[in-house]
Amino acid sequence: MTTINENYLKLKAGYLFPEIARRVKNFSEANPNTNIIKLGIGDVTEPLPEACRTAMIKAVEDMGDRATFQGYGPEQGYGWLREKIAANDFQARNCDIDASEIFVSDGAKCDTGNILDIFSRDNKIAVTDPVYPVYVDTNVMAGHTGKANDKGEYDGLVYLPISAENNFIADIPSQKVDLIYLCFPNNPTGATATKDYLKIWVDYAKARGSIIFFDAAYEAFITDDSLPHSIYEIEGAKDCAIEFRSFSKNAGFTGTRCAFTVVPKTLTAKVSDESDIELWKLWSRRQCTKFNGVSYIVQRGAEAVYSDTGKAQVKKLVSFYLENAQIICNQLKRAKFKVYGGVNSPYIWLKTPYNLSSWDFFDKLLQTAHVVGTPGSGFGAAGEGYFRISAFNSRKNIEEAMKRITTQFSM
Ligand SMILES: Cc1ncc(COP(=O)(O)O)c(C=O)c1O
């Protein structure tokens with residue numbers, strides 16, 4: 001008889017975005033002529049930078065010529081892309097990261113889940129609450145948790161609450177944790193981390209032999225020069241952190257798919273006989289076995305992000321979304337909403353008005369303003385009473401959505 005991985009049965013039935021889609025579908029079926037503006041899911045809307053498109057068109061031509069045709073590429077990514085990533089994203093910021101420590105992949109989402117393959121089930125795992133749900137659900141699937149309680153908190157995970165009370169910055173846990181997920185600029189709250197704050201975590205991790213999973217998928221949105229773009233800007237991080245990056249939100253690659261993970265060669269963890277092993281070797285082994293690399297065409301597109309024209313076009317794209325975020329923040333503040341994030345981040349995190357629950361506010365916003373956002377409680381129990389609005393949309397839609405929200409909810 002065939003049996004299944006029963007950990008999947010522990011997952012909460014309605015994952016956030018399908019539930020949002022269900023409610024939106026019901027509403028639009030009942031109100032077919034309504035123009036709904038979606039500021040929920042964090043997907044980009046603006047076209048790919050021209051530099052990336054031109055590079056990909058050229059790469060398609062390469063594939064049509066026997067002399068330049070490419071078959072299977074290196075599982076870790078082509079050297080020419082990894083060299084550019086290392087030079088531009090790390091060495092230019094004085095981070096001592098070598099191209100060989102970079103693993104190109106088809107997404108930070110899969111990497112943040114797949115990384116669990118190389119760690120044992122015995123680790124104590126900490127996540128913030130609210131949090132990007134993928135970190136939690138992949139741990140549930142891997143059997144690292146017990147069942148969820150009524151609030152959706154899984155037994156066995158250590159939740160670090162973040163709210164307006166602690167400026168959305170998690171306190172260091174009193175107990176020892178082995179794996180810690182940090183995401184800055186943060187999804188969903190839009191909070192950022194200073195170097196001093198990250199140093200506290202790096203010191204904690206180094207002292208206890210813990211590993212930090214640092215998700216910097218929104219790094220490109222940082223405009224404040226004092227804020228770190230990479231955890232490797234913090235002394236000692238190479239000994240305790242793995243960093244996840246993506247081309248999804250800076251260069252609009254959500255549908256094109258390219259990302260990378262940095263596993264420094266100095267990073268080790270314990271074998272059960274108390275010896276140390278390099279995580280780089282394990283991740284390399286895992287990727288070479290289970291992954292066959294990102295397409296040549298897409299990697300050429302990602303490489304173009306680092307050309308002079310590519311850099312200028314990506315900067316323009318990011319600035320466009322940041323201006324959207326600014327408009328959202330200004331309009332919501334004018335209507336007396338309590339608003340967080342939205343600076344150095346494409347996400348605006350707001351306190352729901354009139355003490356509405358996150359889902360009640362979702363329904364009210366949909367029914368009265370015909371605008372879709374994301375209920376904070378979908379990101380964790382401590383997100384209850386909050387709501388996420390994304391700046392990824394056209395200027396016209398952002399302005400129209402803000403007009404509708406401020407008309408309906410002026411307090
Ligand atoms: C925090 C965070 N990490 C990773 C991802 C996924 O990135 P990718 O498109 O590279 O899979 C997202 C996407 O929304 C995200 O919010």
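This is a predicted model: local features need pLDDT of at least 70, side-chain atom pairs count only at pLDDT 80 or more; totals for chains, interfaces and linings use all residues.
Seven strands make up an open sheet with mixed pairing, running in the order β2-β8-β7-β6-β5-β3-β4. At the edges sit β2 (102-105) and β4 (157-161), each with pairing on one side only. From one strand to the next, the twist averages 20°. Helix α7, made of residues 279-290, packs on this sheet and touches β2, β6 (211-215) and β8. The direction of α7 makes about 25° with that of β2.

Zooming in on one strand pair, β7 (residues 241-246) and β8 (residues 259-262) run antiparallel and share four bridges. R245 has F260 in β8 as its bridge partner. F260 also turns up in an aromatic cluster, together with F90, Y232, F247, F253 and Y306.

On the aromatic side, the structure holds 32 pairs. One of them is F247 with Y306, an edge-to-face arrangement with 6.1 Å centre to centre and 80° between the planes. F247 belongs to the loop between β7 and β8, while Y306 belongs to the loop between α8 (296-303) and α9 (308-334), so the pair ties together parts that are 59 residues apart in sequence. Both F247 and Y306 are buried.

Then there are the charges over rings. K265 places its charged end over the ring of W280, 4.5 Å from the ring centre. For R300, the charged end sits over the ring of W80, and the distance to the ring centre is 3.6 Å.

Notes. Residues are numbered from 1 along each chain as its sequence is written. Side-chain values use heavy atoms; hydrogens and water are left out. Two strands pair if DSSP finds at least two bridges between them. Helices (H or I, at least four residues) and strands (E, at least two) are DSSP runs, numbered from the N terminus. Axes are lines fitted to C-alpha atoms, for helices over the stretch in contact, and angles run from 0 to 180 degrees between N-to-C directions. Contact means heavy atoms within 4.5 Å. Rings of Phe, Tyr and Trp (its six-membered ring) pair if their centres lie within 6.5 Å; planes under 30 degrees apart count as stacked, over 60 as edge-to-face and the rest as tilted. Buried means under 20% relative accessible area, exposed over 50%, partly exposed in between (1.4 Å probe, protein chains only). A charge sits over a ring if NZ of Lys or CZ of Arg is within 6 Å of the ring centre and within 35 degrees of the ring normal.
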